[in-house]
Every structure is written in structure tokens, then in C-alpha cells.
Amino acid sequence: MASKCNLTVNGRTVRASVGETLVDAAMGGWIAVPHDCCSGQCETCRVRVVSGSVDDQGTGEGDTVLACQATLEGDAVITYDEVPEATKRAGQVAAMRALSRDVVEVIVELRSPLDYLPGQYVSVTFAGFPPRDYSPTLHWDGTRAAHELVFHIRMLPDGIVSSELGRSITPGHRVDVRGPFGHAFFRRGDGLMVLVAGGTGWAPIWAVAHEAVRARPRRDIIVIVGARDHDGLYMRQSLDWLRDHGAREVIATSRQGGGGLVRSGRPTNYLPLLGPSDMVYVAGAPGLVDAVKLKALSAGAFCFADPFLPSQQRMSFMDRMARLLRTPGRTPVPQDAGLFAPQMAGADDAGRVPAARPANRPAARRLLQETLFAARRLMRRE
């Protein structure tokens with residue numbers, strides 16, 4: 001059996017080794033197939049196998065595979081959609097505001113614009129914290145400034161990053177952004193487009209929906225969003241915008257009961273009959289994404305999925321120490337329009353925040369500094 005083969009990527013042919021992943025084989029020939037996690041979760045590297053011998057390693061969907069997992073068995077031809085090259089940008093938090101009890105809109109102002117496609121995501125690092133993946137989106141009326149990135153972030157009580165929004169992460173906080181990544185970006189077409197979102201999965205879906213309406217106003221578009229309760233449907237103004245601008249059907253669902261324009265149940269309860277010419281986008285919790293993907297693929301429809309997976313990356317020891325030095329004590333979040341309000345992590349149902357702890361005493365602060373300096377010396381030792 002031959003150990004070498006040819007891999008053709010978007011018309012360019014390189015020599016590769018049998019058994020190599022498609023990503024590694026392409027990079028060996030100086031072709032960068034878009035990728036990010038290399039663990040088969042982010043879907044950034046999904047490519048189409050036009051012909052040849054490829055072992056999909058369990059990642060096959062129709063004629064597509066994940067290039068970071070699929071391996072070569074012989075000569076093969078693959079293609080992928082050209083996307084903006086991943087790059088880095090620096091900026092700062094410009095503003096925050098509450099969209100619901102536990103969802104915050106965070107606006108980052110970059111020093112220079114970042115090119116991305118609607119539906120892609122970026123890696124965001126707030127200074128002093130580990131990176132997190134968020135999907136750039138738009139304001140409720142479909143606008144954003146050229147230097148802006150708009151994010152919808154769910155605040156989790158034990159979230160290393162999200163629980164600090166409005167506390168140690170406030171307007172002016174330094175931010176680094178890397179990307180874009182992701183395979184579930186907007187594509188043009190003539191068939192029915194079905195857009196499904198759960199919770200903050202609305203961020204990429206709203207970006208795709210707005211671009212679809214702008215690019216082809218008369219295209220049939222069905223939008224289905226779901227949340228645990230009515231408060232979780234923070235995107236209602238954007239849903240109204242889509243109704244006013246020609247979306248064929250806009251459906252909002254709540255698992256805790258309907259009422260008015262809100263239907264009871266889950267988004268999957270309201271999926272239309274799908275066909276091979278239809279295009280489905282879904283973003284949100286993995287359970288929702290998997291259920292929608294299964295229905296779409298069983299009908300032969302194109303499906304572009306963005307599962308929101310919990311981050312496993314935790315704060316380093318040095319980051320934790322620096323954070324303690326930078327934040328001597330937490331203070332209640334101002335209840336004004338300048339930051340954001342309703343309910344922070346740890347607040348009760350009325351939106352009250354527990355009283356702040358007293359600031360660290362000077363002696364304790366000096367001890368913490370000495371510990372940090374000792375840790376730094378320890379880390380420099382070989």
C-alpha cells in the first residue's frame with residue numbers, strides 16, 4: 001500500500017502521507033484549512049469531500065467531514081468556503097447593559113475593525129481572565145459601528161468570566177480578540193432558510209437572519225427561538241424587526257408556558273417540514289443543536305450548527321493572584337444606565353446585590369503581594 005498520496009484543496013494539490021488528518025496534510029503543503037479547536041467540537045474545519053479516499057472518523061455529515069479528525073486513505077479532493085483569515089485585535093469594553101435577568105450585552109470597541117462573516121465566533125480575552133468564545137452580533141435594530149463587536153453573554157453564578165461582568169470587568173477594561181472561527185456562517189441561496197436559536201444562541205442567529213433579510217428580502221425565512229421562561233426571550237425587539245422586514249414566520253417559545261405571541265414548548269416542536277433544498281441554521285445548547293441537526297440531516301437539508309459548549313479552561317494561578325490584587329473588595333453594581341443592572345450573579349429575585357465585603361487590610365494586601373512575587377520567582381526556576 002502506498003504511503004504517499006495527493007490531496008487537492010480548493011484546486012491546489014499537495015503531497016501528503018496516508019493516515020494524516022486533512023488539516024495536517026494541507027498545512028504540510030502551506031495551505032491553511034480554517035480550524036480552531038482541533039478536537040472535533042467547533043466545526044470550523046468542516047470541508048466537502050468531492051472525491052477520493054477519506055476516513056471520516058465518525059464526523060461525516062452528507063458529503064462533509066471535519067478536517068481536523070478525518071484522515072487520508074489515498075488521493076482525495078476537498079473544498080471549503082473561503083472565510084476571513086483569523087487574526088488578532090486589541091480593544092476595550094465600551095459599554096454594557098442588561099438584556100434580561102441573566103443576559104448582558106457587552107460592547108467591545110476595537111482599535112481597528114475585524115473582518116468576519118455573520119454567524120462566526122471569536123475568542124475573547126478580558127485582561128486577567130482566560131479566553132472565552134463569543135459570537136459577534138448586532139444591536140436589536142440591526143446596527144453596529146465598524147469598530148464595534150457586540151456580544152450577548154449569559155451570566156453564570158460560578159462563571160469565571162461572566163460573574164465578573166460589572167464588577168472587575170467594567171467599561172475601559174482591556175480586551176484581546178482572536179478570530180474569526182466557525183462554520184455556521186451566512187450563505188446565499190434561494191431555498192427556505194430556517195433559523196433556530198436557544199438562549200444566547202440568538203447572537204449568531206440574529207447576525208445571520210439580518211444578513212439574509214438584507215441580502216435577499218424576498219427569501220422565505222422562518223425564525224424559531226426558545227428560552228426557559230418569558231424573561232429569557234430577551235430578543236423580542238429583534239424578532240419584531242424581522243416580522244416588520246419580511247420574515248415569513250417568527251416563533252418564540254417558552255418551556256414554562258406560552259401566552260400572547262409566545263408559544264409553549266421547545267423550538268423543535270415548531271420545525272417545519274424540511275426538504276433537500278432547505279438551509280437550516282441552529283445555535284445554542286448541545287441538546288437543541290443535536291435534535292435540530294438530526295431532523296435536518298434526515299430530511300437531506302443543509303444544516304449549519306453552532307453548539308454552545310461549556311468552557312473547560314480555568315484561570316491560572318498567576319491570573320487568580322493578579323485578580324485578587326486588582327480587586328480588593330467587591331462593591332454593588334450601580335443601578336444606572338451607565339453600566340447595567342437588573343440581576344447580577346448572587347442577587348435575589350428583587351435584583352438586590354448582597355452587601356460588599358470590606359476592602360482588604362494593608363497587612364493582608366502586603367502578604368498577598370509577597371506571595372505573588374514568590375510565585376513568580378518559583379515559576380522562573382528551571
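What span should the 13 residues of helix α4 (residues 286–298) have at 1.5 Å a residue, and how far apart are its end C-alpha atoms?

Mentor: First, the ground rules. This is a predicted model, in which local features need pLDDT of at least 70, side-chain atom pairs count only at pLDDT 80 or more, and totals for chains, interfaces and linings use all residues. Residues are numbered from 1 along each chain as its sequence is written, and side-chain values use heavy atoms, with hydrogens and water left out.

Now the helix. Helices (H or I, at least four residues) and strands (E, at least two) are DSSP runs, numbered from the N terminus. The expected span is 1.5 Å times one less than the number of residues. For α4 that comes to 18 Å, and its end C-alpha atoms are 18 Å apart, so the two agree.

Next, its faces. Buried means under 20% relative accessible area, exposed over 50%, with partly exposed in between (1.4 Å probe, protein chains only). Leu288, Val289, Val292, Lys293 and Ala296 are the buried residues of α4. They cover an arc of only 125 degrees around the axis, which puts them on the same side of α4. The arc is taken from the directions from the helix axis to the C-beta atoms. An α-helix has 3.6 residues a turn, so residues three or four places apart point the same way. Gly287, Leu294 and Ser298 are exposed on the other side of α4.

What covers the buried residues? The cover includes β12 (193–198), β16 (279–284) and β17 (302–307), where contact means heavy atoms within 4.5 Å. Just after α4, Gly300 has a positive phi of about 80 degrees.

Two of those strands lead on to a cavity. β16 and β17, like α2 (202–215), each supply at least two residues of the lining of the largest cavity. Its volume is about 40 Å³. Among the lining residues are Tyr281, Val282, Ala283, Phe304 and Asp306. On a 1 Å grid over the protein atoms alone, a cavity is a set of points where a 1.4 Å probe fits but cannot get out; lining residues have an atom within 4 Å of a point. Grid points are joined across faces, edges and corners, and a volume is the space filled by probe spheres set on the points.

Finally, the setting. The protein has six helices and 17 strands. Buried residues make up 49% of its 382 residues.

Notes. 1 Å grid on protein atoms, 1.4 Å probe; cavity = no way out; pocket = protein on both sides within 12 Å on 5 of 7 lines; lining within 4 Å.
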